[in-house]
Amino acid sequence: MTDLTNLKTFVAVATAGSFAKAAARLNLSPAMVGRRVQALETDYGVKLIERTTRTQRLTEIGRRFLERASRVIDELEQLNDITGPDNHGISGHLRISGPTTLGVKRLASSIARFANQHPAVSLELNLTDRNVDLIAEGYDLAIRVAHLRPSSLIARKIGTYRFVCCASPRYLGKNGTPTHPEQLQEHRCILSLNLVPRDQWHFEDQSGRVLAAKINSNIGIDNGEAMRVAAIEDAGLVYAPLVLVEEDIAAGRLTEVLADWEKYSLPIHAVHPSRQFVPRRVKAAIGWIAGDLRR
């Protein structure tokens with residue numbers, strides 16, 4: 001009978017695109033990954049992967065084998081869900097990708113509580129502002145802040161990522177408080193290198209009219225936490241995610257401006273690979289994070 005560990009290792013290699021990437025994903029040495037795939041090939045008497053010192057590719061049999069192997073692993077996960085302890089607990093490994101700011105401010109605490117609630121689940125949270133390839137990089141779930149493009153992935157909106165305009169009380173005391181977005185041209189502003197376009201901040205009045213305010217900036221930063229620190233240190237006005245600065249506003253370290261104007265917002269999505277079967281731990285994690293974001 002085929003060793004399930006070898007089967008999972010082959011799927012990891014095939015989806016990751018290399019033995020080294022699969023080894024990193026599985027926390028194994030590349031040599032061990034190679035031995036497992038070789039053992040699988042020996043068991044079936046076929047060549048699944050053609051590999052040289054620089055490249056690898058699935059053979060024709062390997063491509064068909066991958067499709068069936070993925071189904072087998074999904075079916076086994078379904079059996080584990082059905083026959084798990086008391087048929088209610090969840091278990092297994094869960095690999096999650098999330099954006100940096102939301103991850104630090106909300107996701108880390110959310111999955112920590114999730115882990116306490118479900119001790120049989122092991123969790124891995126990778127924070128990056130890059131859109132990871134869920135299948136190739138072996139992620140079960142990604143939390144993304146964006147208007148998503150059509151894809152084969154399954155997405156569920158679980159929240160809204162709102163922005164706010166603010167500055168330190170000292171900066172406002174010295175330079176005045178803007179009452180209209182057009183006045184931002186008279187102020188120093190901290191430019192976010194992650195916004196597109198970088199030199200425009202969007203506002204919407206109560207009638208629904210949208211204004212793209214041109215801003216002047218002598219400092220640009222590509223990291224949310226660094227932008228927050230610069231604003232607290234009186235560098236100027238910042239147009240930042242509310243989740244990043246809400247504690248500073250509550251504590252008086254920053255002051256919101258142009259509060260009567262609606263700011264930019266983005267949907268927060270939970271995204272997972274398109275599969276007929278979604279493991280119960282993935283469903284549970286999505287529901288848990290969505291509940292936390294509604295608080």
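Okay, some housekeeping. Because the model is predicted, local features need pLDDT of at least 70 and side-chain atom pairs count only at pLDDT 80 or more, while totals for chains, interfaces and linings use all residues. Residues are numbered from 1 along each chain as its sequence is written, and side-chain values use heavy atoms, with hydrogens and water left out.

Let's start with the rings. The whole structure has 8 aromatic pairs. Here, rings of Phe, Tyr and Trp (its six-membered ring) pair if their centres lie within 6.5 Å; planes under 30 degrees apart are stacked, over 60 edge-to-face, and the rest tilted. One of the pairs is F10 with F65, edge-to-face, with 5.4 Å from centre to centre and 80° between the planes. F10 is in helix α1 (residues 4-16) and F65 in helix α4 (residues 60-83), so this pair links parts of the chain 55 residues apart. By helices I mean DSSP runs of H or I with at least four residues, and strands are E runs of at least two, numbered from the N terminus. Are F10 and F65 buried or exposed? Both are buried, meaning under 20% relative accessible area; exposed is over 50%, and partly exposed is in between (1.4 Å probe, protein chains only).

Now look at F163 and Y264. Their ring centres are 5.5 Å apart and the planes are at 55°, so we call this pair tilted. F163 belongs to strand β6 (residues 154-167), while Y264 is in the loop between β13 (262-263) and β14 (265-272), 101 residues apart. F163 is buried at 11% relative accessibility, whereas Y264 is partly exposed at 31%. Ring pairs also tie Y161, F163, W201, F203, Y239 and Y264 into a cluster.

On to the cores. A nonpolar core is a set of buried Ala, Val, Leu, Ile, Met, Phe, Trp, Tyr and Cys residues joined through side-chain atoms within 4.5 Å. Which residues touch the most other members of the largest core? Out of its 41 residues, those are I143, I158, L184, W201, F203 and L237. Helix α9 (residues 280-293) contributes the most to this core, with 6 residues. Apart from it there is another core of 20 residues, including A12 and L40.

Last stop, charges. There are 11 salt bridges in the structure, where a salt bridge is a side-chain nitrogen of Lys or Arg within 4 Å of a carboxyl oxygen of Asp or Glu. Take K214 and D199: the closest N and O atoms are 2.8 Å apart. K214 sits in strand β9 (residues 210-214) and D199 in the loop between β7 (189-192) and β8 (200-204). K214 is partly exposed at 39% relative accessibility, and D199 is partly exposed at 31%.

R209 and D205 also form a salt bridge, at 3.2 Å from N to O. Here R209 is partly exposed at 43%, but D205 is buried at 15%. Then there's E256 with K263, whose closest N and O atoms are 4.0 Å apart. E256 is partly exposed at 36%, while K263 is buried at 14%. And finally, E225, R228, D248 and R253 are joined in a salt-bridge network.
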